[in-house]
Amino acid sequence: MNLLFGIIGVVFAFKGRIDLAFPLMLAAAVADFFDGAAARMLDAYSDLGKELDSLADLVSFGVLPSVMLYNLSKVCMFGEDWSCWIPLVICLASGLRLAKFNIDTRQTSGFLGLPTPACAMLCASLCYYVAADPACFLASWCAGRVFIPLLSVCLSALLVSEIPMFSFKFHKDDSGILKKKRAAFACLVLAAVLLVVVCRLNWSLAVLLSLAAYIVKNIVYAIAKI
């Protein structure tokens with residue numbers, strides 16, 4: 001289901017239907033979550049399942065967000081330009097990250113580098129929000145030749161980086177610090193949701209702000225060595 005939703009999402013992204021591509025990505029993320037949860041609950045791990053999971057993730061969280069940003073660049077700049085192709089580097093970085101994840105035994109309880117679903121949903125929520133509100137300040141940023149290419153390069157660097165990032169895979173032996181990190185992030189997510197509701201903004205902004213907060217918090221933790 002993850003792969004199927006991702007493929008259909010790519011088709012709609014090429015057609016400029018961001019309003020359908022983003023929900024399809026969210027559906028792929030839900031399928032991906034329950035896939036992992038079921039594997040842990042049933043203790044049904046296998047090498048085949050691990051490889052299939054990564055191949056599906058590459059489409060849903062690598063190809064799809066790259067195509068969405070590519071299309072957003074074309075729309076905002078009213079035409080295709082060389083800078084529109086730069087977001088495709090996210091797909092390459094996602095492929096490298098997923099391949100590294102499969103052979104890296106250090107990432108059992110957390111992540112090293114930005115998880116591909118987080119990167120993908122940040123990109124997709126940005127595209128969805130700009131499409132829903134073309135008059136917003138983010139739309140004017142996306143119309144330039146700097147913002148989307150710079151964002152793409154930064155996200156790609158984070159994908160293949162060694163920056164520790166906490167996950168929401170709960171284990172019995174989770175440390176107190178990890179629990180506090182999750183609780184602090186949950187508060188930021190709640191604040192983002194309240195902001196969107198009170199200001200009557202599009203719901204996708206809450207997703208965008210939450211994922212931006214996730215990235216910033218983990219970078220701060222890494223710098224402070226917390």
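View 1. Leu188 counts as partly exposed because its relative accessibility is 38%, where buried means under 20% relative accessible area, exposed over 50% and partly exposed in between, with a 1.4 Å probe and protein chains only. This is a predicted model in which local features need pLDDT of at least 70 and side-chain atom pairs count only at pLDDT 80 or more, while totals for chains, interfaces and linings use all residues. Residues are numbered from 1 along each chain as its sequence is written, and side-chain values use heavy atoms, with hydrogens and water left out. Leu188 is found in helix α8, residues 176–199; helices (H or I, at least four residues) and strands (E, at least two) are DSSP runs, numbered from the N terminus. With neighbours within four places in sequence set aside, Leu188 is in contact with Ala213 and Lys217, contact meaning heavy atoms within 4.5 Å. Leu188 and Lys74 are 114 residues apart along the chain, and their C-alpha atoms are separated by 32 Å. Val189 also lies in helix α8 and is partly exposed, at a relative accessible area of 26%. From Val189 to Trp82 the C-alpha separation is 35 Å, across 107 residues of sequence.

**View 2. Arg200 and helix α9.** Arg200 is placed in the loop between α8 and α9. Its phi is near 55°, a positive value in a residue other than glycine. Arg200 is exposed, with a relative accessible area of 78%. Helix α9 covers residues 204–224, and the 30 Å between its end C-alpha atoms agrees with the 30 Å that its 21 residues should span at 1.5 Å a residue; the expected span is 1.5 Å times one less than the number of residues. Buried positions in α9 include Leu205, Leu208, Leu211, Ala213, Tyr214, Ile215, Lys217 and Tyr221. After α9 comes Lys225, whose phi is positive, near 55°.

**View 3. The largest nonpolar core and helix α5.** The largest nonpolar core has 53 residues, a nonpolar core being a set of buried Ala, Val, Leu, Ile, Met, Phe, Trp, Tyr and Cys residues joined through side-chain atoms within 4.5 Å. Helix α5 (residues 116–132) supplies the largest share of this core, 12 residues. The residues with the most contacts inside the core are Met68, Leu72, Leu114, Leu126, Val130, Leu155 and Tyr214. Beyond its neighbours within four places in sequence, Leu114 is in contact with Arg97, Cys119, Leu155, Leu158, Leu159, Met165, Tyr214 and Ile215. Of the 17 residues of α5, 14 are buried, so this helix is largely enclosed by the rest of the structure. From its first C-alpha to its last, α5 reaches 24 Å, close to the 24 Å expected at 1.5 Å a residue.

View 4. The axes of α1 (residues 2–14) and α3 (residues 47–76) come within 8 Å and cross at roughly 15°. Axes are lines fitted to C-alpha atoms, for helices over the stretch in contact, and angles run from 0 to 180 degrees between N-to-C directions. Helices α1 and α3 are therefore roughly parallel to each other, since angles under 35 degrees count as roughly parallel, over 145 as roughly antiparallel, 65 to 115 as roughly perpendicular and the rest as oblique. Their crossing is left-handed, a term used if the near helix is turned anticlockwise from the far one by less than a right angle, with right-handed used if clockwise. Residues of α1 at this contact include Leu3, Ile7, Val10 and Phe14, and those of α3 include Leu55, Val59, Val63 and Val67. The axes of α3 and α5 come within 9 Å and cross at roughly 25°, which makes α3 roughly parallel to α5. This crossing is also left-handed. Among the residues that meet there are Phe61, Met68 and Leu72 in α3, and Ala120, Leu126 and Val130 in α5.

**View 5. Helices α4 and α7.** The axes of α4 (residues 89–103) and α7 (residues 147–159) come within 9 Å and cross at roughly 5°. Helices α4 and α7 are therefore roughly parallel to each other. Val89, Ile90, Ala93, Ser94 and Arg97 of α4 make the contact with Ser152, Leu155, Ser156 and Leu159 of α7. The 13 residues of α7 should span 18 Å at 1.5 Å a residue, which agrees with the 18 Å between its end C-alpha atoms. Buried residues of α7 include Ile148, Leu151, Leu155 and Leu158. The cover over the buried residues of α7 includes α3, α4, α5, α6 (137–142), β2 (164–166) and α9.
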